[in-house]
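Please read it beside the sequence and the model.

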Amino acid sequence: MLKNKNIILGVCGSIAAYKSAFLVRLLVKAGANVKVILTPDGANFITPLTLATLSKNPVYTQYFEEETGVWSNHVELGLWADLIIIAPISANTLAKLATGICDNLLTAVYLSAKCPVYAAPAMDLDMWKHETTQTNINKIIAYGNTIIPPGNGELASGLHGEGRMAEPEEIVSFLENVLQKSMPLFGKKVIVTAGPTYEAIDPVRFIGNHSSGKMGFALADELVQLGADVTLIAGPTAQQATQNLNRIDVVSAQDMYEACIGLFSKADICVMCAAVADYRPKVVANQKIKKQQSSFLLELEKTTDILATLGAQKAQNQLLVGFALETNDEENYAKGKLQRKNLDLVILNSLNDKGAGFKSDTNKITIFNKAFERTVFETKSKKAVAKDICNAILKEMK
């Protein structure tokens with residue numbers, strides 16, 4: 001959820017500032033771009049060098065750096081950020097946010113920002129419980145900001161109670177949960193199939209195709225980014241998902257059929273990107289077939305049409321997406337598949353298009369919906385194509 005997010009971390013004057021170093025490290029590890037703003041009081045507890053090293057970015061401490069002559073543009077920083085996290089936030093800074101006092105770079109960036117703001121308080125028990133602090137908390141919540149509640153435990157004063165800043169792991173988990181719930185596909189169960197299937201001839205040989213699985217894996221990753229609970233059913237492939245998802249590895253068309261049928265009734269969206277074999281050997285030899293005769297006849301039988309089976313079972317609230325890889329009369333074949341198999345969308349690629357097809361890192365697609373409305377896209381990376389397909393899915397769900 002935090003991958004490629006631009007995050008400003010504000011660090012205020014508190015003994016809990018040492019935790020901000022661990023927080024920066026976790027955010028960077030999660031794939032976020034982190035810039036730290038350290039208040040003058042915060043610099044008494046942790047050095048800019050520590051935070052700059054961990055964030056891999058310069059640390060901002062004031063509007064104007066006299067030694068370098070660099071001016072820190074608070075407006076640009078506020079607009080750059082996807083999220084602002086102030087951890088720890090002191091009672092002093094909390095009061096400034098509540099009343100609009102703008103006397104340092106962090107408060108100026110806060111007032112300039114258009115993004116969500118999260119604050120993790122850290123202070124002593126009596127300060128936390130004071131009516132003024134609680135009033136200020138309620139004020140900044142009313143302004144649309146979010147408080148990450150402090151923990152209960154031993155405090156720097158020796159007292160025991162509320163006021164400990166939430167642990168860095170808790171803050172990251174809190175942010176990920178909030179972000180996931182705001183995603184357009186949060187709570188949706190999605191099946192994606194990817195890669196080829198291998199149909200055994202004997203223990204050594206098989207019938208297969210050139211599918212690498214790249215397109216299906218890109219789609220699965222993008223759907224996770226949109227908040228979906230994704231199950232990826234993958235044929236034999238070397239591809240690895242970059243997001244946290246459920247993966248089921250299969251080999252044959254029958255394996256893929258059984259996996260899909262077992263999950264489909266509970267799925268909201270099913271994206272059938274795999275290149276499933278249409279035929280398989282009728283008889284599979286138990287031992288390796290020896291090269292003895294000058295010719296060899298192999299009798300084939302049809303595999304179960306997974307897409308057509310799912311289309312026949314599809315409920316009104318389910319969305320089914322199919323793919324059509326064609327070499328001739330492409331659009332007519334794609335529209336026929338859309339109608340015949342009861343799909344909501346069909347994604348057409350043509351092997352006649354340069355940069356499309358198997359193994360390539362790019363693809364060129366045309367999307368048809370149930371009304372046969374046609375959207376043509378230029379050649380793009382498969383990651384960008386996955387975004388286009390997901391946008392079409394979101395449009396269908398409105």
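The points below cover the sheet, the helix packed on it, the cores, the cysteines and the salt bridges.

1. Basis. This is a predicted model, in which local features need pLDDT of at least 70 and side-chain atom pairs count only at pLDDT 80 or more, while totals for chains, interfaces and linings use all residues. Residues are numbered from 1 along each chain as its sequence is written, and side-chain values use heavy atoms, with hydrogens and water left out.

2. An open sheet is formed by eight strands, in the order 14-13-10-15-18-19-21-22, with mixed pairing. Its edges are strand 14 (246-249) and strand 22 (374-376), each of which pairs on one side only. From one strand to the next the twist averages 15°. Helices (H or I, at least four residues) and strands (E, at least two) are DSSP runs numbered from the N terminus, and two strands pair if DSSP finds at least two bridges between them. Strands of a sheet pair through backbone hydrogen bonds, either parallel or antiparallel.

3. The strand 14 end. Strand 13 joins strand 14 through four bridges, and the two run parallel; T231 has N246 in strand 14 as its bridge partner. Strand 13 also pairs with strand 10, in the parallel sense, over six bridges, and here V192 stands opposite L232 in strand 13. Five of the six residues of strand 13 are buried, where buried means under 20% relative accessible area, exposed over 50% and partly exposed in between (1.4 Å probe, protein chains only).

4. The strand 22 end. Strand 21 (residues 366-369) and strand 22 run antiparallel and are joined by three bridges. The bridge partner of T366 in strand 22 is V376. Helix 12 (residues 330-340) packs on the sheet and touches strand 18 (319-326), strand 19 (345-350), strand 21 and strand 22. The direction of helix 12 makes about 155° with that of strand 19. Contact means heavy atoms within 4.5 Å; axes are lines fitted to C-alpha atoms, for helices over the stretch in contact, and angles run from 0 to 180 degrees between N-to-C directions.

5. The largest core. Which residues touch the most other members of the largest nonpolar core? They are M215, L219, L223, V230, V271, F323 and I389, in a core of 35 residues. A nonpolar core is a set of buried Ala, Val, Leu, Ile, Met, Phe, Trp, Tyr and Cys residues joined through side-chain atoms within 4.5 Å. Elements giving two or more residues to this core include helix 9 (214-225), strand 15 (269-272) and helix 13 (382-397). Not counting residues up to four places away in sequence, V271 touches I191, V192, T193, L219, L223, V321, F323 and I393. Apart from this core lies another, of 30 residues, among them A17, L27, V36 and L175.

6. Cysteines. How many disulfides does a search of the whole structure find? The search finds zero, a disulfide being a pair of cysteine sulfur atoms within 2.5 Å. For C270, the closest cysteine sulfur is that of C260, at 5.6 Å, too far for a bond. For C390, the closest is in C273, at 11 Å, also too far for a bond. C270 is buried, with 0% relative accessibility, and C390 is buried at 2%.

7. Salt bridges. The count comes to 14 salt bridges, each a side-chain nitrogen of Lys or Arg within 4 Å of a carboxyl oxygen of Asp or Glu. E331 and R374 meet in one of them (2.7 Å, N to O). E331 lies in helix 12 and R374 in strand 22, so this pair ties together parts that are 43 residues apart in sequence. Both residues are partly exposed: E331 at 29% relative accessibility and R374 at 49%.

8. Further charged pairs. D305 and K341 form a salt bridge (2.9 Å, N to O). D305 is in the loop between strand 17 (300-302) and helix 11 (306-313), and K341 is in the loop between helix 12 and strand 19, 36 residues apart. D305 is partly exposed at 34% relative accessibility, whereas K341 is buried at 12%. D388 pairs with K380, the closest N and O atoms being 2.7 Å apart; D388 is buried at 12% and K380 partly exposed at 22%. K19, R164 and E167 are linked in a network of salt bridges.
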